[in-house]
Each structure stands twice: as structure tokens, then as C-alpha cells.
Amino acid sequence: MKQTLTINDQIELTEIRETDKPQFVQFLNNKEHYDYTLHIPSPYTEADADWFINNCRKAEQKHGHVVNFAIRKEGALIGGVGIMLNDRPQLIHKAEIGYWIGKPFWGQGIMTEVVRVFSDYWLSNSFLRLEATVFEPNLASKRVLEKAGFKLEGFCEKYLIKPLDGLPRDVFLLSKVKE
């Protein structure tokens, strides 16, 4: 399913493609991505990329639109951003946003711009509220969200259990709501 969101003259969001597998392995085979995310394993293998790409296709079919996007700089995959949808009727007005970017692109302001445009798109088209959780040591990601218009709602001790190691994580909880 094809879908494109333009961020600026160099950055766009598109559907995730089979041909993205080498970049997934290259960029996500990084211990810091494992440390700062809930589901990215370490090491990150081709089998992990295959699983993720397949799950993206299933989500597109289930929901009728792309929910996990590739971040592309001049056509090449450099990261990803997506939403996790709620199926429970009392929660369908909101979604959780997640994102990552390859380490060579950290600190360039790309992710702040992506999160701002991406969240505004979903708030204007589908949801009343977007949420994000950030592991406590990842202050750079917290700052990305704040610069993109998310507000800090609180610090939550032992809020998430990371499935890959079974250990609890303290997180910052941030949200952005439809105006």
C-alpha cells in the first residue's frame, strides 16, 4: 500500500518496503536502539527485519492504511515512525507514537520535524490524542517530543516491562492533543 507524507524538500515518509531490509539491519544493529526502545532486539538480524516488514504489511491490511512509515532522506531509508492503534472501544480516540533514526542522523533536527508533521497529520485526520513513552535515560528523545509539541504528563516508575529482557522500565509519559 503506497502512501507518502512530505516533511521537507529532503525528507519524506513512505510505506516500508522489502528493499529496506539492509538499512534496517545496518541502522538497528546498534545497542543504543535496543537500550532506548521497547521492541528492537540486539543484535538486529535479517530475520528481525523480515518479521517487522511482514508485520507492517499485516497492519496495513488490517487497518486499510499505513501505520508504520519509513523515514527517507533523498529516497534512502534512515529511520522509522509509526503508531500503535487501540482496538478497545474506549481507547480508539488515541494512539501511541514510536520512532527511531539511524545514529548517523542523530542531532540534526530531522526527528523533531518528522514527529511534528507526523503527529499533526494523525491529530488532524484520525485521533484526539497521541501519547509517547520515553525510557528515563533517553533525554534526547524526550526533548524531540517536547520540541514537536508534546507535553510532559509525568514520570512513571516501572511503567513498562521490556519483553526482550522482562525488566521494568521507568518512563516519561508525554502527549499531544487535538486543538
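This note reviews aromatic contacts and strand pairing in a predicted model.

1. Residues are numbered from 1 along each chain as its sequence is written, and side-chain values use heavy atoms, leaving out hydrogens and water. In this predicted model, local features need pLDDT of at least 70 and side-chain atom pairs count only at pLDDT 80 or more, whereas totals for chains, interfaces and linings use all residues.

2. Rings of Phe, Tyr and Trp (its six-membered ring) pair if their centres lie within 6.5 Å; planes under 30 degrees apart count as stacked, over 60 as edge-to-face and the rest as tilted. By this rule there are eight aromatic pairs. One of them, Tyr-121 with Trp-122, is edge-to-face, at 5.2 Å centre to centre and 80° between the planes. Trp-122 also forms a tilted pair with Phe-127, at 5.8 Å and 45°. Ring pairs link Phe-69, Phe-118, Tyr-121, Trp-122 and Phe-127 into a cluster.

3. Buried means under 20% relative accessible area, exposed over 50%, and partly exposed in between (1.4 Å probe, protein chains only). Tyr-121 is partly exposed because its relative accessible area is 24%, while Trp-122, at 2%, is buried. Phe-127 is buried as well.

4. Strands (E, at least two residues) are DSSP runs, numbered from the N terminus; two of them pair if DSSP finds at least two bridges between them. Strand E8 (residues 168–177) has seven of its 10 residues buried. Strand E6 (residues 129–135) runs antiparallel to E8, joined by seven bridges, and Phe-135 stands opposite Val-171 in E8.

5. Strand E7 (residues 151–161) also pairs with E8 in the antiparallel sense, over seven bridges. Phe-155 stands opposite Phe-172 in E8.

Key
Helix = DSSP H or I, 4+ residues; strand = E, 2+ residues; numbered from the N terminus.
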